[in-house]
Amino acid sequence: MHVKEIENGIVLENIKDFELPHIFECGQCFRWNKEEDGSYTGVAFGKVINLRKEHDKVYIDNTNYNDFKNIWHSYFDLDRDYGKIKEKLSAIDETMKTSVEFGYGIRILKQDEWETLISFIISANNRIPMIKRAIEALSENYGSYIGNYRGKKYYSFPKPEKLYNLSLEDINFKGIGFRGKYILNAAKLVVNKEIDIYNLKNLETFKAREELMKFSGVGPKVSDCVMFFSMDKSDAFPIDVWVKRVMEYFYVPEGTSLKKIQKFAEEKFGNLAGFAQQYLFYYARELKIGKK
């Protein structure tokens, strides 16, 4: 890959394993939206950028080389060799081989831990349009104004301190509902330093999961999402309805408990379990595998 600075942005040349729909529509993030021209605009780390791809070039607009080096290089996980991961997973069995071929351009974003925690608390028993709407409402009301980009105003995700003294009425936005009390509880635990959200990545996966599940509204699935999508815990294996379906369709008997599916995945995929989950999830959801 070669990085070149251009006017108001940069271009990544000869980039591999990087497909925008695979990355932004595989269930890992909620603040990226597809534009009419096929590009994607997103907000992360207090910045707004737009990505478009032409052949083996990815154009990142509204940024500069310094921000690319300090933020986006890590955010898009550009140091990781996804070719090797796909090779190892494809060798496991035909199902993984097919899933990997289907979602060949997936990359795991390295997101902010606090934002990921709240986003996945909101995601519980919720639909993607509602999750996105709730996150935008929280950001517009309690985040910081970033600026206007292509005629639209953008706001950063609110810090825990901004939510600390709010009431349930203050965050009663569409898509939040019963999850409001969990959001306010999380803000209090983080601000009062009862849980150090930014240090959990330094713990072993089982210990980080235990700590995350101290947050109200956080069970095994949400904790594994937070660990994999923001803490680089690639042995985490988030199980939602699509993953459960695809695992029962290909690997385990119907009605297998989530705990047993988790154990099966840990043994079968090892420290690549999270990546296996993403390829399986994307494959299952797009093809509606196992849907009754």
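Visitor: How many cavities of 30 Å³ or more does a search of the whole structure find?

Guide: Two, and keep in mind that this is a predicted model. The largest cavity holds about 120 Å³ of space.

Visitor: Which residues are the closest to the centre of that largest cavity?

Guide: Those are V43, A44, Y75, Q111 and E115, out of 13 residues that line the largest cavity.

Visitor: And which elements give two or more residues to that lining?

Guide: β4 (40–44) and α5 do. The biggest share comes from α5, which gives three residues.

Visitor: How do the residues of that lining divide by class?

Guide: The lining of the largest cavity has seven nonpolar residues, three polar and three charged.

Visitor: OK, on to the second largest cavity. What is it lined by?

Guide: The residues around the second largest cavity are R31, N33, T41, G42, V43, E136, K152 and Y154. The elements with two or more residues in that lining are β4 and β8 (152–155), and β4 gives the most, with three. The space inside comes to about 40 Å³.

Visitor: What about the classes there?

Guide: For the second largest cavity, the lining has two nonpolar, three polar and three charged residues.

Visitor: One more spot, Q28. Where is its place in the chain?

Guide: Q28 is in the loop that runs between α1 (20–24) and β3 (32–34).

Visitor: Is Q28 buried or exposed there?

Guide: Q28 counts as buried, because its relative accessibility is 0%.

Visitor: What does the Q28 side chain reach?

Guide: The backbone oxygen of R107, at 2.7 Å from the side chain of Q28.

Visitor: And what else is Q28 in contact with, leaving aside neighbours within four places in sequence?

Guide: Besides R107, Q28 is in contact with I23, I108, L109, Q111, F120, F229 and Q278.

Conventions
Residues are numbered from 1 along each chain as its sequence is written. This is a predicted model: local features need pLDDT of at least 70, side-chain atom pairs count only at pLDDT 80 or more; totals for chains, interfaces and linings use all residues. Side-chain values use heavy atoms; hydrogens and water are left out. Helices (H or I, at least four residues) and strands (E, at least two) are DSSP runs, numbered from the N terminus. Buried means under 20% relative accessible area, exposed over 50%, partly exposed in between (1.4 Å probe, protein chains only). A polar contact is a pair of N or O atoms within 3.5 Å; within protein, one must be able to donate a hydrogen and the other to accept it, and residues adjacent in sequence count only if both atoms are side-chain atoms. Contact means heavy atoms within 4.5 Å. On a 1 Å grid over the protein atoms alone, a cavity is a set of points where a 1.4 Å probe fits but cannot get out, and a pocket is an open set with protein on both sides within 12 Å along at least five of seven lines; lining residues have an atom within 4 Å of a point. Grid points are joined across faces, edges and corners, and a volume is the space filled by probe spheres set on the points. Ala, Val, Leu, Ile, Met, Phe, Trp, Tyr, Cys and Pro count as nonpolar, Asp, Glu, Lys and Arg as charged, and the others, Gly among them, as polar.
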